[in-house]
Amino acid sequence: MDSLRVLMVSKACIVGMYQKKLAAMAEMAPDLDLTVVVPPFWRDEWGKTSLERVYTHGYRLEVVPLMFNGSFHLHFYPGLGKVIAREKPDLVHIDEEPYNIATYHANVLGRRFGAKTLWFSWQNLARQYPPPFSWIEQYNLRHIDHALVGSRTAAKVWRAKGYEGGLDVIPQFGVDPSVFCPPESRPADAPVHIVYVGRLVSEKGCDVLLDALANVAGNWRATLLGSGPELNALRDQASSLGLDGQVLFRPWLPSTDMPQFYQTADVLVLPSRPRPNWTEQFGRVLTEAMASEVAVVGSNVGEIPHVIGNAGMVFPEGDAAALADVLNRVVSVPAVCRALGVRGRARVLSHFTQQHIAGATLAVYRKLVT
């Protein structure tokens, strides 16, 4: 059997849980010869994330240092050409946005060595970039064999920008429902645990969540898990609202500890608000929580309503009173909370599993190579 030789370039795959998709692809396709180029770490304004080696069977992780590590637009892998020359892939999967230098660099190298190329994008706003990034974007729109995008809104953006080639809507990563799963039981008399997971930045709307919690009655507690520049301001806000005894702030957990954290939760809230240069592109925490049978509540921003579907509740962004009404309902009527959790897991099993994403991605590979 001829092998299907694929080289993927993905800084996202330094996260252990994201590697589950790679292992699933290798298991589903015995003929897949997959090499995944990752950096030893990624550093940005929220800190340093080091490579986690968790799900590494069935493929090869190739660690290659980055130039301009931490710069989303400027970073690239100086040693990538040697890896491509050695591996001789049929296809180079560039897990980066088409306006980045990393995408241009990998695209040029892959095509130089005779490989098909594709890129991935979450970009769901029609943003305009100055040169040289506008030139890079135009090159990558015209010189690529296929595009993957994470949402329907992203597909519309790239079609509007002039991309005319093959395109599939496939979220970047799925969820493993055997890892993200509900606990065997939940204590009947425990407080309803309301959680937020993500960056503590203005656009995520955590201040709206705190304002809403100040008007939620009943037996509940809340955890905001994450870090960011808004941490101190949010702590002060919680204190001024009299929430010190009910709201806990926790730092990031390793990705492998997140399934256990979700098993302690009853409701996850994603209260994002749009910004001129950003809107919610997917909300991966939604699918992780849904797989764990945690009821999800999100604002009507970006892709959030499409991810939730009929498996949760959506409120108008920035409307703390509306969010408080939703939370009062799920806190006061446990049956509603449980029903949303069950519906959420069913939605993940139908649309967002790692197996589903891996299979769809493999189908694109085969279509391109054969």
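A nonpolar patch here is built from residues with over 30% relative accessible area and no salt bridge, where nonpolar side chains (Val, Leu, Ile, Met, Phe, Trp, Tyr) are joined within 5 Å. A salt bridge would be a side-chain nitrogen of Lys or Arg within 4 Å of a carboxyl oxygen of Asp or Glu, and the areas come from the Shrake-Rupley method with a 1.4 Å probe, with only the protein chains shown counting as cover. With that in hand: Met 67, Phe 68 and Leu 74 make up such a patch on the surface, and together they have about 260 Å² of accessible area.

A word on the model itself. It's predicted, so local features need pLDDT of at least 70, side-chain atom pairs count only at pLDDT 80 or more, and totals for chains, interfaces and linings use all residues. Residues are numbered from 1 along each chain as its sequence is written, and side-chain values use heavy atoms, leaving out hydrogens and water.

Most residues other than glycine have a negative phi, and most peptide bonds are trans.

Helices (H or I, at least four residues) and strands (E, at least two) are DSSP runs, numbered from the N terminus. There's a cis bond too: the peptide bond from Pro 131 to Pro 132 has omega near 5 degrees, and Pro 132 sits in the loop between strand 7 and helix 4.

What about strand 8 (residues 146-149)? Both of its faces are covered, with His 146 and Leu 148 buried on one side and Ala 147 and Val 149 buried on the other. In a regular strand the side chains alternate between the two faces of the sheet.

Strands pair if DSSP finds at least two bridges between them. Strand 8 pairs in the parallel sense with strand 7 (residues 116-121) over four bridges, and Ala 147 is the bridge partner of Trp 119. Strand 8 also runs parallel to strand 9 (residues 167-169), joined by three bridges, and here Leu 148 stands opposite Asp 168.

Technical notes
Buried < 20%, exposed > 50% of the residue type's maximum accessible area, 1.4 Å probe, protein only. Patch = residues over 30% accessible without salt bridge, like charges linked within 9 Å, V, L, I, M, F, W, Y side chains within 5 Å.
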